[in-house]
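I opened this model to look up its charged pairs, its aromatic rings and its nonpolar packing, and I kept notes as I went.

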Amino acid sequence: MNDLVEQSRRFLNEQPDEQEYELLNEFISLRTGAIAVGLGKVKQYANKTDQEVRNLKSYANKLSASKDQENANKQLADALEKIGNLFYLQRKMGMYIALTSAATGVGIDKSAKILKRMEKQRR
C-alpha cells in the first residue's frame, strides 16, 4: 500500500514532456476542426435537401392541379429537375459524412504511440 501511495505521489509530481503534449493537442485540434467542418457541410447540404424536397412537393401539388397539358409538362420537368438536384445533394452530403468519419481516425496511430511512450516514462 505504501508503494502505491509513493508511485501516485511521483506520478502527480512528474513534469510532462511539453513537446509530446503539444503534438497531441495539435492532432486533437486538427481532428476536431476537420470533424466540425465536415459536420457543418453535412448540415448545409441537409438544409438544401430539405428545401429541394419542399419545392418538389410544391411542384407535385401544382402538377396534380394543372388543367392543360403544356402546364403539366412544365411542372413535370421542374419536378424532374428537383429530383436530379436531390440526388446531387445526397451525394455531396454522403461525401462529407465519409470525410467526417475519416477525420475521426486521422492521427490515431501517432497519438497512440505518443501515449504509450508517455505511459512507459511514467512507470
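Lys74 is partly exposed at a relative accessible area of 48%, where I take buried as under 20%, exposed as over 50% and partly exposed as in between, with a 1.4 Å probe and protein chains only. The side chains of Asp78 and Lys74 meet in a salt bridge, 3.0 Å from N to O, the term standing for a side-chain nitrogen of Lys or Arg within 4 Å of a carboxyl oxygen of Asp or Glu. The two residues are four apart in helix H3, and about one helical turn therefore separates them; helices are DSSP runs of H or I with at least four residues, numbered from the N terminus.

I note the basis before going further: this is a predicted model, in which local features need pLDDT of at least 70 and side-chain atom pairs count only at pLDDT 80 or more, while totals for chains, interfaces and linings use all residues. Residues are numbered from 1 along each chain as its sequence is written, and side-chain values use heavy atoms, with hydrogens and water left out.

How many salt bridges does the whole structure hold? My search found two.

Next I turned to Ala79, which has its place in helix H3 and counts as buried at 10% relative accessibility. Leaving out residues up to four places away in sequence, I find that Ala79 touches Leu56 and Tyr59, contact meaning heavy atoms within 4.5 Å. The C-alpha atoms of Ala79 and Leu56 are separated by 5.6 Å, although the residues are 23 apart along the chain.

For the rings, I searched the whole structure and found one aromatic pair. The ring centres of Tyr45 and Tyr96 are 5.8 Å apart and their planes stand at 15 degrees, so I log the pair as stacked; the rule pairs rings of Phe, Tyr and Trp (its six-membered ring) with centres within 6.5 Å, and planes under 30 degrees apart count as stacked, over 60 as edge-to-face and the rest as tilted. The pair links distant parts of the chain, Tyr45 being in helix H2 (residues 18–65) and Tyr96 in helix H3 (residues 69–103), 51 residues apart. Tyr45 counts as buried at 8% relative accessibility, and Tyr96 counts as buried at 18%. With residues up to four places away in sequence not counted, Tyr96 touches Gly38, Lys41, Val42 and Tyr45.

Which residues make up the largest nonpolar core? I list five: Val42, Tyr45, Leu89, Met93 and Tyr96, a core being a set of buried Ala, Val, Leu, Ile, Met, Phe, Trp, Tyr and Cys residues joined through side-chain atoms within 4.5 Å. H2 and H3 are the elements that give two or more residues to this core, and its largest share, three residues, comes from H3.

Last, I checked pLDDT, the predictor's confidence in each residue from 0 to 100. The chain has a mean of 80, with 85% of its residues reaching 70 or more. Among the elements, H3 has the highest mean pLDDT (88) and helix H4 (residues 108–122) the lowest (69).
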